[in-house]
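Here is a short briefing to read with the structure open beside you. Please have your viewer ready, and take the topics in any order you like.

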There are 2 protein chains.
Amino acid sequence: MPNPSAAMLVIGDEILSGRTQDTNTHHLAGELTARGIDLKEVRVVPDDHATIVAALNDLRPRFDQVFTSGGIGPTHDDITADAVAAAFGVGIAEREDAREAMRAFYETIGGTLTPARLRMARIPDGATLIDNPVSGAPGFSIGNVHVMAGVPSVFKAMAAGLLPRLERGAPLVSRSLRVERGESEIAEQLAALAGEFPDLSIGSYPFRHEGILGTNIVVRGPDADRVETAMARLRALFGDPAA
Amino acid sequence: MPNPSAAMLVIGDEILSGRTQDTNTHHLAGELTARGIDLKEVRVVPDDHATIVAALNDLRPRFDQVFTSGGIGPTHDDITADAVAAAFGVGIAEREDAREAMRAFYETIGGTLTPARLRMARIPDGATLIDNPVSGAPGFSIGNVHVMAGVPSVFKAMAAGLLPRLERGAPLVSRSLRVERGESEIAEQLAALAGEFPDLSIGSYPFRHEGILGTNIVVRGPDADRVETAMARLRALFGDPAA
C-alpha cells in the first residue's frame with residue numbers, strides 16, 4: 001500500500017515579496033517524512049481569495065492531506081478561513097468552542113476577548129479545531145484540509161497537536177554517505193548503481209565546504225536491508241572516510 | 001500597465017523530504033520585487049519527469065516569466081533539462097556553445113570535460129545559455145522559462161546574470177512601521193485605514209522578540225506619495241517609537 005500523500009499550501013504576500021523566508025514548509029516536510037507521509041507538492045500563493053480557493057480545490061482531491069499556513073490572524077488581510085469555507089461551499093461563523101478555547105487562553109495570560117480577536121473564532125461549518133497552545137486562536141481541519149497559522153512558533157505547535165491524529169505510512173529509511181569527490185566524478189558509477197536498485201531513491205547533492213568540493217549521496221527506501229546493501233556498495237565504490 | 005508577473009518552480013525530492021531548506025525562492029523573490037516583477041506563485045515538485053512537465057505547462061502560459069531551480073547537475077537524478085525540452089516539445093542534445101563554456105571554465109580551474117560533465121552540456125533546441133561563473137555548467141532560457149541550478153551559490157550567480165536581461169516593472173514602494181502592540185489591538189483601526197487606501201497593500205505581521213509582543217505593519221504601493229500619506233496616518237494612529 002502506498003504511503004499517504006500530502007501537499008502544503010503557503011498563503012502570504014510576505015513570502016512572495018521576499019520580505020519573509022518561509023520555514024514552515026521545511027519543518028512540516030521533516031515531520032511528515034518521519035511519519036511516512038509523502039509530501040508531494042508545495043505551493044505558495046498570495047493573500048487573494050479567488051487564488052486561495054482555486055489552489056485548495058486543485059490540491060484537495062489530489063492528495064490525502066493538505067496543510068495550509070498563513071492568513072488566520074485577526075486583521076483585514078487574514079482571509080484564509082473564509083477562502084477555505086468558500087472552497088468547501090460551507091458557511092462560516094463565530095463558533096462557541098473556538099471562543100471558549102480563546103477565552104480560556106486569554107484568561108491565563110490576563111488578556112480579554114476583544115472583537116478583533118473574536119474574528120479568529122470564525123470557523124467553517126463542520127470543521128474540527130486544532131489546538132493553539134502558543135497564542136490561543138485555534139486552527140482547524142475540514143475534510144482533508146488542515147489550516148494552521150503562519151507564525152512559525154504557532155505553526156509548529158499546531159502541527160505537533162495535529163500530526164499524531166493522521167494516518168501514518170511506512171517511514172522511508174534514509175542513509176547518506178559523504179564523498180569528497182565532485183558529482184561529475186562519481187556520476188557514472190552512481191547511475192549504474194541506481195539502475196541496479198530501482199526500488200531505492202538514490203540522490204546526489206553537491207557541497208562546497210571550507211574549500212572541499214564533495215557530494216552527499218542519499219539512499220532512501222522502504223526496506224532497511226536493501227538500503228544497507230546499497231550503502232555497502234557505495235562505501236566499496238567511493239570509500240568511507242569514517243571507516 | 002501591470003507589472004510583469006512571475007512564477008518559481010523548485011524541483012527536488014530533497015526539499016520535499018525536509019532534508020534541505022529551499023532558500024532560492026526567498027533570494028529570487030527579493031530580486032524580483034526590487035525589479036518590479038511580481039512573483040505570483042511558487043511550486044515545489046519532486047524529481048519526476050511527468051510532474052515537472054505538467055507543472056511547466058501549467059505555469060508558463062499563466063505568467064510572464066517562469067524560473068526553475070534544481071535538477072540540472074551531472075547525475076542520473078538530474079532530469080530537469082529533459083523535462084523542459086519535453087514540455088516545449090523540442091529536442092535536446094549536447095551543444096557546442098555549452099561545451100565551449102564548460103571547457104573554458106574547467107581550463108581555468110585545471111579540470112577536464114569528462115563524459116559525466118558533458119551531460120550538463122545537453123540543452124533543449126532553441127534555448128539560450130545562462131552563464132555560470134561558479135561551476136561552469138550553464139543554465140538556459142527557452143521561451144519564458146529560465147532554468148537554473150539548485151545549489152544556492154550557483155542559483156544566485158545565474159540569477160545575477162539573467163535578471164538584468166528581463167523587462168522590469170515599476171518597483172513597489174514599501175515602508176514598514178514597528179508597533180509594540182499585538183495585532184488584535186490594532187486590527188480594527190488598520191482595517192479602516194486599509195479601506196481608505198484601496199490602492200495600497202497594507203499587511204500586518206505579528207512578532208515576539210525578547211518578550212515584546214508587537215506587529216510590523218507593511219505598506220506597499222506603486223505611488224510613493226500615497227504610501228507616505230498612509231504611513232503618516234499610521235504613525236499618528238499607533239505612534240512612532242523612532243519619532
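At what angle do helix 8 of chain B and helix 9 of chain B pack, and how many Å apart are their axes? In this predicted model, the angle between helix 8 (residues 183–196) and helix 9 (residues 224–238) of chain B is about 155 degrees, and their axes lie 11 Å apart.

- Two packed helices are described by the angle between their axes and the distance between the axes.
- Angles over 145 degrees count as roughly antiparallel, so helix 8 of chain B and helix 9 of chain B are roughly antiparallel to each other.
- The crossing in which helix 8 of chain B passes helix 9 of chain B is right-handed.
- From helix 8 of chain B come B:Ile186, B:Gln189 and B:Leu193, and they meet B:Ala230, B:Arg233, B:Leu234, B:Leu237 and B:Phe238 in helix 9 of chain B.
- By class, the residues of this contact are 6 nonpolar, 1 polar and 1 charged.

- In chain A, A:Ala230 belongs to helix 9 (residues 224–238).
- A:Ala230 counts as buried because 23 other C-beta atoms lie within 10 Å, and the cut-off for buried is 20 or more.
- Beyond its neighbours within four places in sequence, A:Ala230 is in contact with A:Leu193, A:Phe197, A:Leu200, A:Ile202 and A:Val219.
- One of these, A:Leu193, is 37 residues from A:Ala230 in sequence, yet their C-alpha atoms are 7.9 Å apart in space.
- Chain A is divided into domain 1 (5–165) and domain 2 (173–238), and the centres of these two domains, taken over C-alpha atoms, are separated by 37 Å.

**Where chain B touches chain A**

- Chain B gives 42 residues to the contact, and chain A gives 42 residues.
- On the side of chain B that touches chain A, at least two residues each come from helix 1 (13–16), helix 2 (24–34), strand 2 (38–45), helix 6 (115–118), helix 8 and strand 10 (201–209).
- That side of chain B has 18 nonpolar, 14 polar and 10 charged residues.

**Helix 7 of chain B**

- Helix 7 (residues 152–162) of chain B has these buried residues: B:Val154, B:Phe155, B:Ala157, B:Met158, B:Ala159 and B:Leu162.
- Those buried residues pack against helix 2 of chain B, and also against strand 3 (65–69), strand 6 (128–130), strand 7 (139–142) and strand 8 (145–148) of chain B.

How values were computed. Residues numbered from 1 in each chain as written. Chains lettered and ligands numbered in written order. Predicted model: local features only at pLDDT ≥ 70, side-chain atom pairs only at ≥ 80, totals over all residues. Helix = DSSP H or I, 4+ residues; strand = E, 2+ residues; numbered from the N terminus. Buried ≥ 20, exposed ≤ 12 C-beta atoms within 10 Å, placed from the backbone. Contact = placed C-beta atoms within 7 Å. Domains from an automatic or database assignment. Axes fitted to C-alpha atoms, helices over the stretch in contact; angles between N-to-C directions. Parallel < 35°, antiparallel > 145°, perpendicular 65-115°, else oblique. Left-handed = near helix turned anticlockwise from the far one by under 90°. Nonpolar A, V, L, I, M, F, W, Y, C, P; charged D, E, K, R; others polar.
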